[in-house]
Amino acid sequence: MNASELTELATTVPLADNHCHGVVGTPVTAATFDDLATESDRPQPAGFTVFDSPLGVAIRAECAPLLGLPRHVSAEEYLAGRAAVGDEEVSRRLLTATGISHYLIDTGYRSDDILSPEATAALGGGTSREIVRIEVLAEALAAEGVGADEFGARFAERLAAETRAAAGLKTVIAYRFGLDFDPARPSPAEVAAAAGEWLGAGPSGAGGRWRLDHPVLLRSVLWAGVDTGLPLQFHVGFGDSDIVMHRNDPSKMTGFLHATVDTGTSVMLLHCYPFIREAGYLAEVYPHVYFDTGAILHYTGASCRALIAQSLELAPFAKLVFSSDAFGLPELYHLGALLWRRGIGAIMSGWVERDEISGQDAARYLHAIAHGNVERVYGLESA
Ligand SMILES: [Zn+2]
């Protein structure tokens with residue numbers, strides 16, 4: 001396989017998306033973009049909109065042609081053209097263009113605003129499996145009423161029931177505490193005492209909702225997750241303003257990785273920006289650690305190739321996986337797939353051109369990163 005054949009393979013290879021969310025089921029307006037095309041919850045400076053960011057520029061350049069519009073249309077023209085095509089048809093075109101065959105969908109965030117995993121995957125002609133957020137299950141238990149002494153046992157029961165059909169688990173301990181958490185598994189007595197404190201304090205989340213933020217309980221549900229043996233996804237780095245970025249370096253959880261290395265549970269580091277090199281190092285050293293660069297491909301737009309190159313620097317090719325981390329807007333799935341395909345195709349074909357790798361090896365690794373590694377770790381059917 002020569003360099004140009006490899007570039008072509010990168011544009012057509014099936015993708016298994018390690019982490020994404022459902023697509024929105026409500027009409028998409030300018031306000032939807034203000035909400036979903038940035039991680040900020042504050043308005044843009046006067047005279048600018050979300051369409052003036054690397055992501056906004058990429059949307060107007062790369063998504064416009066699929067809606068019958070010229071590249072680089074204005075935000076107004078884009079929104080008008082989008083409305084003329086219609087939300088469902090826009091979603092169908094943009095998702096079909098991704099070539100994603102498997103969608104692993106995190107259902108634990110704003111699940112009332114987005115379509116189900118089945119409906120999302122059907123729009124793109126793929127299949128879906130659910131990823132269950134462990135903190136959400138603890139919050140549901142609290143809302144239903146659970147005693148402090150029974151919290152640990154009831155959580156394990158709930159986790160078993162909710163994960164019968166799930167492909168994996170996700171934790172947002174990065175948001176709720178930081179990745180510098182105590183790696184030790186808390187004792188039953190510590191869990192009961194912590195549950196007493198958390199339940200006694202009452203709901204602390206927005207809108208009077210329960211929010212699991214007790215450090216001991218976060219560790220307790222994390223270890224219950226490890227016990228299931230399912231792949232366990234960690235939010236790492238880039239996210240909204242709830243993140244304390246300097247506590248999101250994944251090397252801060254080295255103690256936990258050391259403690260779980262022989263459990264049989266795979267640890268999947270998501271997004272990783274700006275800690276892509278730290279994640280690559282951990283994936284190189286720990287056999288159960290994998291990582292992706294989801295979300296940051298579309299958020300960095302034209303600059304994402306440098307980040308894809310970083311992700312390819314050190315870790316074995318069996319340890320890196322594709323993810324879009326698209327949420328809501330179908331544009332984000334399309335950009336995640338397109339920018340990744342274009343970037344990795346350019347990088348790997350350059351290697352082949354300079355005879356730094358054989359075309360055959362490059363093709364094998366491209367298949368592994370695009371879909372094979374995810375299929376193997378989660379036990380999915382091969383695309
Ligand atoms: Zn996500």
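1. Buried means under 20% relative accessible area, exposed means over 50%, and partly exposed lies in between, with a 1.4 Å probe and protein chains only. By this scale L314 is partly exposed, because its relative accessible area is 45%. The residue lies in the loop between α15 (304-311) and α16 (330-353); helices (H or I, at least four residues) and strands (E, at least two) are DSSP runs, numbered from the N terminus.

2. The model is predicted: local features need pLDDT of at least 70, side-chain atom pairs count only at pLDDT 80 or more, and totals for chains, interfaces and linings use all residues. Residues are numbered from 1 along each chain as its sequence is written, and side-chain values use heavy atoms, with hydrogens and water left out.

3. The zinc ion is coordinated by H19 (NE2), H21 (NE2) and D325 (OD), at 2.0 to 2.1 Å. Donors are N, O and S atoms within 2.8 Å of the metal (3.2 Å for Na, K and Ca), and sites may look incomplete because water is not among the atoms. Along the sequence, the spacing of the donor residues is H-x1-H-x303-D. Both H19 and H21 are buried.

4. L314 also takes part in a nonpolar surface patch of about 270 Å², together with Y281 and V285. Patches are made of residues with over 30% relative accessible area and no salt bridge; like charges are joined within 9 Å and nonpolar side chains (Val, Leu, Ile, Met, Phe, Trp, Tyr) within 5 Å. Accessible areas come from the Shrake-Rupley method with a 1.4 Å probe, and for residues only the protein chains shown count as cover.

5. In helix α8 (residues 151-162), the buried residues are F151, F155, R158 and L159. They lie on the same side of α8, because they cover an arc of only 100 degrees around the axis; the arc is that of the directions from the helix axis to the C-beta atoms.

6. Salt bridges number 22 in the whole structure, each being a side-chain nitrogen of Lys or Arg within 4 Å of a carboxyl oxygen of Asp or Glu. One of them joins E88 and R92 (2.7 Å, N to O). These two residues are 4 residues apart in helix α5 (residues 87-96) and therefore separated by about one helical turn. E88 is exposed at 52% relative accessible area, whereas R92 is partly exposed at 34%. A network of salt bridges links E88, E89, R92 and R93.

7. D180 and R247 form another salt bridge (2.9 Å, N to O). D180 lies in the loop between α9 (173-176) and α10 (188-201) and R247 in the loop between β5 (232-236) and α12 (254-260), so the pair ties together parts that are 67 residues apart in sequence. D180 is partly exposed at 32% relative accessibility, and R247 is partly exposed at 23%.

8. Most residues other than glycine have a negative phi, and most peptide bonds are trans. A cis peptide bond, with omega about 0 degrees, joins Y273 and P274. H271, which is not a glycine, has a positive phi of about 70 degrees; H271 belongs to strand β6 and is buried, with a relative accessible area of 1%. A295 likewise has a positive phi, near 75 degrees. A295 sits in the loop between β7 (289-291) and α14 (296-300) and is buried at 2% relative accessible area.
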